[in-house]
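Please read the following alongside the sequence and the 3D view. The text goes from strands to loops and then to aromatic rings.

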Amino acid sequence: MADFDESKSDAAEPEIQPDWMPAGCTKLADGEYDAIVLGTGLKECVMSGLLSTNGLKVLHLDRYNYYGAECASLNLTNLYEKFQAGEPDKYLGANRDFNVDLIPKFIMACGNLTKVLLHTKVTKYLEFKSVDGSFVTTKEGKVLKVPATPDEAVRSSLMGMFEKRRFRNFLIYISKYDEKNPATWKDLDLKKMTMKELYVHWGLVEDTHKFISHAMCLEVTDDHLNQPALETVMNLQCYCYSLERYGKSPYIYPMYGLGGLPEGFSRLCAIHGGTFMLNRDVDEVLFDEEGAAWGIKCGTECAKATMVIGDPSYFPKEKSTSTGKIVRSICFLNHPIPNTNNSESCQIIIPGVNVGRKNDIFVCMVSSAHNVAAKGIFTAIVSTKVETSNPGNEIIPGLQLLGPILKRFDSVVETYKPNDDGLSDRCFISESFDSLSHFEKDVDDMLSLYERVTGTTLDMNINADSVEPDY
């Protein structure tokens, strides 16, 4: 009979933890990574996608059980749960038919976000469709279409006959202007000349200044009028180029909502070995004695990395500074917005100066045409940057344009920007999404974040005409 050795046991040997592991903790997933990304907002997902394609080992977490974080597209159940509105109203239709954006934005067809999508080839995961039209309100409150063709410009009541001629000559100058070719400048130095001086040079009246600046250059205040004209002219060129390329408006929008954008970049990251964990909150970002982030703690599990990237909500409060607040109202309608030519999707810009404000008010509307609502239901979102102690009143000019509203969800969110560039504390923090109706300024922050993290600039020389979605 064999001897029985009582020193041996069937119990598994405890896993030996690495020396960096805090006492009482175990590894989260694989434990060690090159980068940890917190939050599945668009900026964070772009970063994890780009870093993983560069060969870095990435761990990506989000406290929510869906992709997109604060810029997610929610079905009815998640939307009503988020706003604590009870059970979804039956008359709206099936839950699966809805993808409601929490942050309303359109994509400039030939803008920088399109270039990022093309650069990463994420366009193969997404389908896009153009937005029907862009509109602007006058100081009398009329909703008028921003002209998309020469014929529309001639018929538009935005300008008088002689002003239209001056407007046309101005746009010809803008279309031919090349910052690298002085022969196109017509002796105008746009690095010194202000935007107001440029308008005056072309004989344009003040109402036309407002229309071009707010509806085409997409400036939200009048501050740019007294600043060098070059940046605003570049914005106008992008708008005009996008408009020429796609006709009805300069904007495109993904089928099934903006939530598809972070999902597409998440898929890119996963294909290149990234690890994703949804519905997993982060209790703490861990710092060493010098104040540099080295990992995260979730319950009794920890992960280590050389950098931590994320939105401001995941980091200690002292890492960010408030930049203000944004008020938004998500409204369900059973009709298109009046005075928009029965558009199934559109944007309306209310210049702030026309309603006694500094910042513009934006109205974005989408529908079943983009597979984001049940047939016959239209989702309109009114938003602006908060200027007073009564945010609800600030969006009234936008709400008044909508007609009868079936259901409304209001929110006021605080926005933040990082205090440092992250190079010393290894906390690379994105800025909160702004109040604008497009992504151009947000992409600037995204590109800055990429440069801070990698030390290199992302190649943006790709031609935005390369995209071939369903327009």
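Two strands are taken to pair if DSSP finds at least two bridges between them. In this predicted model, strand β8 (residues 133-137) and strand β9 (residues 143-145) are joined by 3 bridges and run antiparallel.

How many of the residues of β8 are buried? The count is 5 of 5, so the strand is mostly covered, with buried meaning under 20% relative accessible area. In a regular strand, side chains alternate between the two faces of the sheet. In β8, G133, F135 and T137 point one way, S134 and V136 point the other way, and all are buried.

Two loop residues other than glycine have a positive phi. A69, with phi near 50 degrees, is in the loop between β3 (58-61) and β4 (73-74). Its relative accessibility is 6%, so A69 counts as buried. R426, with a positive phi of about 60 degrees, is in the loop between β20 (407-418) and β21 (427-429). R426 has 22% relative accessibility and therefore counts as partly exposed.

The aromatic rings come next. The model has 14 aromatic pairs, counting rings whose centres lie within 6.5 Å. Why is the pair of F167 and F211 called tilted? The ring centres are 5.8 Å apart and the planes stand at 50 degrees, so the pair falls in the tilted class. This pair links distant parts of the chain, since F167 is in helix α5 (residues 161-176) and F211 is in helix α7 (residues 206-216), 44 residues apart. F167 and F211 are both buried.

F433 and F439 make an edge-to-face pair, with 6.3 Å centre to centre and 80 degrees between the planes. Both F433 and F439 are buried. F439 has a further contact: K105 lies over the face of its ring, 5.8 Å from the ring centre. R63 lies over the face of Y314 in turn, at 3.9 Å from the ring centre. Elsewhere, ring pairs link Y80, F83, F98, F332 and F409 into a cluster.

Conventions. Residues numbered from 1 in each chain as written. Predicted model: local features only at pLDDT ≥ 70, side-chain atom pairs only at ≥ 80, totals over all residues. Heavy atoms only, no water. Phe/Tyr/Trp six-rings, centres within 6.5 Å; stacked < 30°, edge-to-face > 60°. Helix = DSSP H or I, 4+ residues; strand = E, 2+ residues; numbered from the N terminus. Buried < 20%, exposed > 50% of the residue type's maximum accessible area, 1.4 Å probe, protein only. Lys NZ or Arg CZ within 6 Å of the ring centre and 35° of its normal.
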